[in-house]
Amino acid sequence: VMASMAHLQKEKLLEELLGLQEKLAARENDELSLSLQLQGQVETLKEKVLEQAQEISRLRSELGGTDAEKHRDLLAAENERLRQEMKACEGELLELRRQQQAPCRDCSHLQENARLQEQLSQLQREAEETRAKLVELDLEVQQKTNRLAEVELRLKDSLAERAEEEERLSRRLRDSQETIASLKSQPQQIKYIIKTVEVESAKAKQALCETQSRNQYLQEQVGMQRQVLKEMEQQLQSSQKTEAQLRAQIMLYEAELERAHGQMLEEMQAMEEEKNRAIEEAFSRAQVEMKAVHENLAGVRTNLLTLQPALRTLTHDYNSLKRQVRDFPLLLQETLRSARAEISQAIEEVHSTNRELLRKYRRELQLRKKCHNELVRLKGNIRVFGRVRPITKEDGDGPEATNAVTFDTDDDAVLHLLHKGKQVSFELDKVFPPQASQEEVFQEVQALVTSCIDGYNVCIFAYGQTGAGKTYTMEGTAANPGINQRALQLLFSEVRGKAADWDYAITVSAAEIYNESLRDLLGKEPQEKLEIKLCPDGSGQLYVPGLTEFRVQSVEDINKVFEFGHVKRVTECTNLNEHSSRSHALLIITVRGLDRSTGLRTTGKLNLVDLAGSERVGRSGAEGSRLREAQHINKSLSALGDVIYALRSRQGHVPFRNSKLTYLLQDSLSGDSKTLMMVQVSPAEKNTSETLCSLKFAERVRSVELGPVSRKAELASWPSQEQLEGDLPGSAATPGRGHTSHSSGQLSSRSASIRRKLQTSG
């Protein structure tokens, strides 16, 4: 039997050994396949790096700077993904190494050991919970003991206070009794005194009265002391009752405390016994289980000794893979460094190319603008300039006074308006920002002004809402004059430059359209209404009979004419503008020239118009006569819009006669004049609606084609000096187109009176 048993044990051990060898062979095969797989992944990573390098070289020759930057980002993302795959491979190697160090993780004895350790930890947690409960009970007993001590202290304090109160009451009682006794002994003496004093004098009677009053006062004091004594006795009785209640309550507290203390001691003893019993049981079970664990660990050690050669082989393979992985980042960094250098160089080349293209674009933009201006001149389009006034204190503060107009840095003919959260762009012939000076504005229009000397008709009119700066642009101030005065100064300068060959005469007329009535600002009767009529010479042009012309020969004459006309122009204060123009002002400058060598005569006319501003009656607060003025202004501006619409749409009939303003501007808008409109806008947020309307109207005006402009020149025979003096107006106003039709004597007297007025006002 023993031999058979030994034989069976040997066979069993052989079977177990064969099973372990098979497991070891299978694990070695798995590890070999895993190492081969990792080597394949490393080879794949190398191939990908080579592909990335080839891709970089290809992109270097094919792509520009922007595409190279995009591909550089793609390469960085691809490198990050490869780095993550490498980290995953290292994690798999570490996991394989841990599996080699712990091959028997799934053995039954390890599971049993874990189960026993879990039970031991559970018993330890239960013991900790028991200890926590004991600590809580100790704290509760300590708190109750402290409360009992506090109650005893309060009771002692109350007893001491009660004893002091009784002592004090007893002292007061004794004092009261002594007082009563002394008072009882006094009345006999007082009676005796009363009897003895009856036969004495008036002083004795007075003393007797005082003694009686004192006796009454003392009796009242005795009554009060008796009342106080009764109250004190009542307080003493209530204090004794309270003391008895407190003593009974203290006895109840002591009994409850003793009962709670006994219960706590019993619970603590039972818990201590239970804790000791649980610890002994857990310790005995842990000893038994630890013995089994040690036996299992001995078998595990023997198995580990057989797996050490395989572990060394895997370690060698892992080290070789680690070296390969360590060299890969250096290669990748070198490749990325070279790629970055090449990409940076390509980006710099693209930037230089962009700068050159931008320079060429700006040069082409200037050429395009020059060609466009020439095309506009040939077609006869109305040129439109825009000027934005700065924010002023009249605009107020807050969000309504913010700037809603921006400008294009590359194109000085474009501005942008932010209206109701949307940006609207407008393209004009020229846009002046708020910081533009009067000199800069005039430099853009002086070419038109000088063409007047050559015999062309020129019209410059300012359009915009009230308070947008039209009068400032046209008239300016004494220190900073506007287009009107600068135009006349330029004309005088040009005339002086041509004085060797030409004789020129410059005359000035000033009129205003107020409430659809045309009035002469330089005449004796400015309230006299004038009419617009066709020239009798059959030319089809218009003139104003009775309109005073005044010849100017110097800057001083200009200042006097402007001052005289400005005084008579109608301006009033509204909610939108402190000095609001209530009429359309028209300054007519006529330049007549004669070439002494050829006899060529030229006649040029320059109309400078300051239109009254459109306004909303609700915002301007106009009432009475101001309201009637605003209605006439808006009506005439509406008629101007109808004329522009008819010209733009090339209608057969243009309604020039719907308003005195459009009828007076018929020559300037009908194709025989160089016309420029200066649209004035406000940048304030609260005025964006009016600004939008003004800019839209400016775009419509810009698209109007008036046709080529003709020069007013004729060749005449050589004149005598007397004829020249007769043809060129002198200081007196002369009849004819744009003049009064009176006799020469009347004209001379009127001109002399005007000159006297100007000298007086000067």
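In this predicted model, pLDDT, the predictor's confidence in each residue on a scale from 0 to 100, stays under 50 over residues 573-579, a stretch for which the model has 15 contacts beyond four places in sequence, a contact being defined as heavy atoms within 4.5 Å. A further stretch, residues 188-200, likewise has pLDDT under 50 throughout, and for it the model has 7 contacts beyond four places in sequence. For the protein as a whole the mean pLDDT is 76, and 75% of the residues reach 70 or more. Because the model is predicted, local features are reported where pLDDT is at least 70 and side-chain atom pairs count only at pLDDT 80 or more, while totals for chains, interfaces and linings use all residues. Residues are numbered from 1 along each chain as its sequence is written, and side-chain values use heavy atoms, with hydrogens and water left out.

The interior is described here through its nonpolar cores, a nonpolar core being a set of buried Ala, Val, Leu, Ile, Met, Phe, Trp, Tyr and Cys residues joined through side-chain atoms within 4.5 Å. The largest nonpolar core holds 50 residues, of which Tyr-463, Leu-518, Leu-611, Leu-669, Met-677 and Val-679 touch the most other members. Helix α10, spanning residues 625-648, gives the most to this core, with 7 residues; helices (H or I, at least four residues) and strands (E, at least two) are DSSP runs numbered from the N terminus. A second, separate core comprises 41 residues, including Phe-385, Ala-462, Met-474 and Ile-483. In soluble globular proteins, nonpolar side chains tend to be buried together. When residues up to four places away in sequence are not counted, Val-679 touches Val-384, Phe-385, Gly-386, Arg-387, Leu-428, Tyr-463, Ser-694 and Ala-698.

According to the unreviewed UniProt entry, a "binding site" annotation covers Gly-464, Gln-465, Thr-466, Gly-467, Ala-468, Gly-469, Lys-470 and Thr-471; UniProt positions are given in the numbering used here, feature names are shortened, and annotations may be inferred rather than shown by experiment. Within this segment, Ala-468 is found in the loop between β6 and α6 (470-474) and is buried, with a relative accessibility of 0%. Apart from neighbours within four places in sequence, Ala-468 is in contact with Arg-389, Gln-680, Val-681 and Ser-682. Lys-470, which is found in helix α6, is also buried, at 6% relative accessibility. With residues up to four places away left out, Lys-470 touches Ala-462, Tyr-463, Gly-464, Gln-465, Asp-610, Leu-611, Ala-612, Gly-613 and Gln-680. A polar atom of the Lys-470 side chain lies 3.0 Å from the backbone oxygen of Gln-465.

Charged side chains were examined for salt bridges, in which a side-chain nitrogen of Lys or Arg is within 4 Å of a carboxyl oxygen of Asp or Glu, and by this rule the count comes to 11. In one of them, the closest N and O atoms of Arg-337 and Glu-334 are 2.6 Å apart. These two residues are separated by about one helical turn because they are 3 residues apart in helix α4 (residues 202-379); Arg-337 is partly exposed at 47%, as is Glu-334 at 48%. Arg-355 and Glu-348 form another salt bridge, with a closest N to O distance of 3.9 Å; here Arg-355 counts as exposed at 51% relative accessibility, whereas Glu-348 counts as partly exposed at 45%. The side chains of Lys-498 and Asp-454 also meet in a salt bridge, at 3.5 Å from N to O. Lys-498 lies in the loop between α7 (483-497) and β7 (502-514), and Asp-454 in the loop between α5 (438-451) and β6 (457-464), so the pair ties together parts that are 44 residues apart in sequence. Lys-498 is partly exposed at 28% relative accessibility, and Asp-454 is partly exposed at 29%.

Two further positions involve residues that are separated along the chain. Gly-476, in the loop between α6 and α7, is partly exposed at 24% relative accessibility, and its C-alpha atom is separated by 8.1 Å from that of Gln-438, 38 residues apart along the chain. Val-325, placed in helix α4, is buried at 15%, and the C-alpha atoms of Val-325 and Lys-87, 238 residues apart along the chain, are separated by 9.5 Å.

Methods:
Buried < 20%, exposed > 50% of the residue type's maximum accessible area, 1.4 Å probe, protein only. Polar contact = N/O pair within 3.5 Å; in protein donor to acceptor, adjacent residues only side chain to side chain.
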